[in-house]
Structures are given as C-alpha cells and as structure tokens.
Amino acid sequence: MTSVTGDFELTHDELRVVARYVAESAQEVLPRFEAVKPDDPRPRAALDAAWEFIGGARRTKLQRITSMDAHRAAADAPTEVARLAAQAAGDAAAAAYLHPIAKAHQVGHILRAAANAARIAEIEAGDDPAVGHEMIERARMRATPVLIDVLCRYPAAPTGRSRAAQLMAVLDVALR
C-alpha cells in the first residue's frame, strides 16, 4: 500500500476514494460546460485522467496537467455555470495529488466539486437555495466512511463569500 506523508499519511487507495467522490460530482455537471464550449476538451480530459487514476492507474503528470488545463478552461468560461463545471472537472484530476498537510484550503480539493454542483443546481432553479441544500444532502449521503475519515484529518473548510464556498462549508459541517 503506497502512501504519501506530510502532516499525516494518505494512501493511494484513500486518494482514489477522494478522487471518485470528486469525479462523481464533476461527471454530473460537465455537460453544462460542454453545452456552451463544445470545442474545448480540457475539462473532459481532466475528468478522464481522474477516472484513469480511480481505476487503478498510477498518478502521473497527466492528472496534474489536465487539472491545470481544466482550471484554465474555467477561467475562460463564458458563464458561472460553465466555470463551476470546468472547475469541478479540474478538481477531479487534482484529487490524485491531494496534499497530506493540515491546511483548510485542502478541504476545497475534497468538497468544492460537490459544492459547485449544488450551486449549479441552484442557478438552474432560479437561484433557489432549497435546491442547493438538497444537492448538499445528496453529496453527504454518498460520502463513504473512508472519505469522511480523510476529510476529518484536515481543519474545517475555509469560509468564503461566494455561494459555492458557503455551500462547501455547509457540506463540510454535515460530513463531520
């Protein structure tokens, strides 16, 4: 069992659990990006790289490069929904390289994609916060004990002003 050491240890099996959780959220919302930027393959490539790692492949620079590319696609996105979807795909690939350091910003690499999916659902429902909270509950329900154990090694999610950051903080509290 290979592991990564820092302030604590993370095994590659644990990283795969985290990456799966993030990729499931990204998979759900990626079509929103592709609907407005059908000729931009960067977020799809990141999600594909995440699934390769989740499926047992070694983590390589493929996950790092495609993650950065997807985040660049997010910066180029013409709408908030597209930006959030591309960011989620980038986070899925980046999850292979979650750092075992006790810093609150690392929680974003675990929970931001689910929070982005919740925010997208809110936007698509006319900014209905009840829809966002329903999505957060769905994300809470699909969290495995291993994911929660990994999450609890980190400090609480940072507070932010954006609605996606607020949703991430709600999910973080619900999982702990």
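Modeller: Contact means heavy atoms within 4.5 Å. On that basis, residues 24 or more positions apart account for 74% of the contacts in the protein with a separation of 6 or more. The model is predicted, so that local features need pLDDT of at least 70 and side-chain atom pairs count only at pLDDT 80 or more, while totals for chains, interfaces and linings use all residues. Residues are numbered from 1 along each chain as its sequence is written, and side-chain values use heavy atoms, leaving out hydrogens and water.

Colleague: How many helices and strands does the protein have, and what pattern does it follow along the sequence?

Modeller: The protein has eight helices and two strands, counted as DSSP runs (H or I, at least four residues, for helices; E, at least two, for strands) and numbered from the N terminus. The order along the sequence is β-β-α-α-α-α-α-α-α-α.

Colleague: Why does the radius of gyration of the protein agree with a compact globule?

Modeller: The globule rule is 2.2 Å times the number of residues to the power 0.38, with the radius taken over C-alpha atoms. For 176 residues a compact globule would be near 16 Å, and the protein has 15 Å, so the two agree. The C-alpha trace spans about 45 × 35 × 25 Å along its principal axes.

Colleague: Why are helix 4 and helix 5 called roughly antiparallel?

Modeller: The axes of helix 4 (residues 80-94) and helix 5 (residues 106-124) come within 9 Å and cross at roughly 155°. Angles run from 0 to 180 degrees between N-to-C directions, on axes fitted to C-alpha atoms over the stretch in contact. Under 35 degrees counts as roughly parallel, over 145 as roughly antiparallel, 65 to 115 as roughly perpendicular and the rest as oblique; helix 4 and helix 5 are therefore roughly antiparallel. Among the residues of helix 4 that meet helix 5 are Leu84 and Asp91, and the helix 5 side includes Arg112 and Ile120. By class, this contact has seven nonpolar, three polar and five charged residues.

Colleague: What makes helix 2 roughly parallel to helix 4?

Modeller: Helix 2 (residues 42-54) and helix 4 pack at an angle of about 30°, with their axes 7 Å apart, and that angle makes helix 2 roughly parallel to helix 4. Pro43, Ala46, Leu47 and Ala50 of helix 2 form the contact with Ala86, Ala89, Gly90, Ala92 and Ala93 of helix 4.

Conventions:
Nonpolar A, V, L, I, M, F, W, Y, C, P; charged D, E, K, R; others polar.
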